[in-house]
Amino acid sequence: MMSNYLENVKKYVDSPVEDAVDSLVGHLRIALDSRDGANVAATDPAELKAIRDGYCNTNLDLDADEADAAIAKVCEIMKGDYAKCRVAFYYLLAQETDRMHRLC
């Protein structure tokens, strides 16, 4: 199962940190159980606010402005993907904000 998420992250990152992907899969385990939870609805302001106020604030220690900027950047990076994998989205948030150390 982890390999599917790793492959998804590899769409955007040449050499992802496998331990970071594994950590995210463990952290998101419950959300990943449903197809809806496994993907980010990037056009839903309520979902993006929940990611900002939850994951970005709590796990990445970003303030609202930093989180909003990072979310916008990740949405732009993943714009060609209709179903935005939550693991890849969160991985890119950590990468784009230099917070990878917080994943492992």
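What covers the buried residues of helix 5? Among the covering elements are helix 2 (18–27), strand 1 (39–40), helix 6 (64–77) and helix 7 (86–96).

Ground rules before details. This is a predicted model, where local features need pLDDT of at least 70, side-chain atom pairs count only at pLDDT 80 or more, and totals for chains, interfaces and linings use all residues. Residues are numbered from 1 along each chain as its sequence is written, and side-chain values use heavy atoms, with hydrogens and water left out.

The overall fold, then. The protein chain has seven helices and two strands. Helices here are DSSP runs of H or I with at least four residues, strands are runs of E with at least two, and both are numbered from the N terminus. Reading from the N terminus, the order is α-α-α-α-β-α-α-β-α. The radius of gyration is 12 Å, close to the 13 Å that the globule rule gives for 104 residues, so the chain is as compact as a globular protein of that length. That radius is taken over C-alpha atoms, and the rule is 2.2 Å times the number of residues to the power 0.38. Along the principal axes, the C-alpha atoms fill a box of roughly 30 × 30 × 25 Å.

Of the 104 residues, 43% are buried. Buried means under 20% relative accessible area, exposed means over 50%, and partly exposed is in between, with a 1.4 Å probe and protein chains only. Take contacts with a separation of 6 or more: 61% of them join residues 24 or more positions apart. A contact is heavy atoms within 4.5 Å.

Back to helix 5. This helix covers residues 45–59, 15 residues in total. From first C-alpha to last, helix 5 reaches 20 Å, close to the 21 Å expected at 1.5 Å a residue. The expected span is 1.5 Å times one less than the number of residues. Helix 5 bends by about 25° at I51. The bend is the angle between axes fitted to the seven residues ending there and the seven starting there.

Which residues of helix 5 are buried? They are E47, L48, I51, R52, Y55 and C56. An α-helix has 3.6 residues a turn, so residues three or four places apart point the same way.

Look at both ends. At the start of helix 5, a side-chain oxygen of D44 comes within 3.0 Å of the backbone nitrogen of A46. Just after helix 5, D61 takes a positive phi of about 60°. D61 sits in the loop between helix 5 and helix 6.

L62 is in that loop between helix 5 and helix 6 too. L62 is buried, at 3% relative accessible area. Leaving out residues up to four places away in sequence, L62 touches C56, N57, A67, T97 and R99.

That takes us to T97, in the segment after helix 7. T97 is buried, with a relative accessible area of 12%. The T97 side chain reaches the backbone oxygen of A94 at 3.3 Å. Not counting residues up to four places away in sequence, T97 touches L60, L62 and A70.

Last one: D98. Is D98 buried or exposed? D98 is exposed, with a relative accessible area of 65%. Phi of D98 is near 55°, positive in a residue other than glycine.

Technical notes: Polar contact = N/O pair within 3.5 Å; in protein donor to acceptor, adjacent residues only side chain to side chain.
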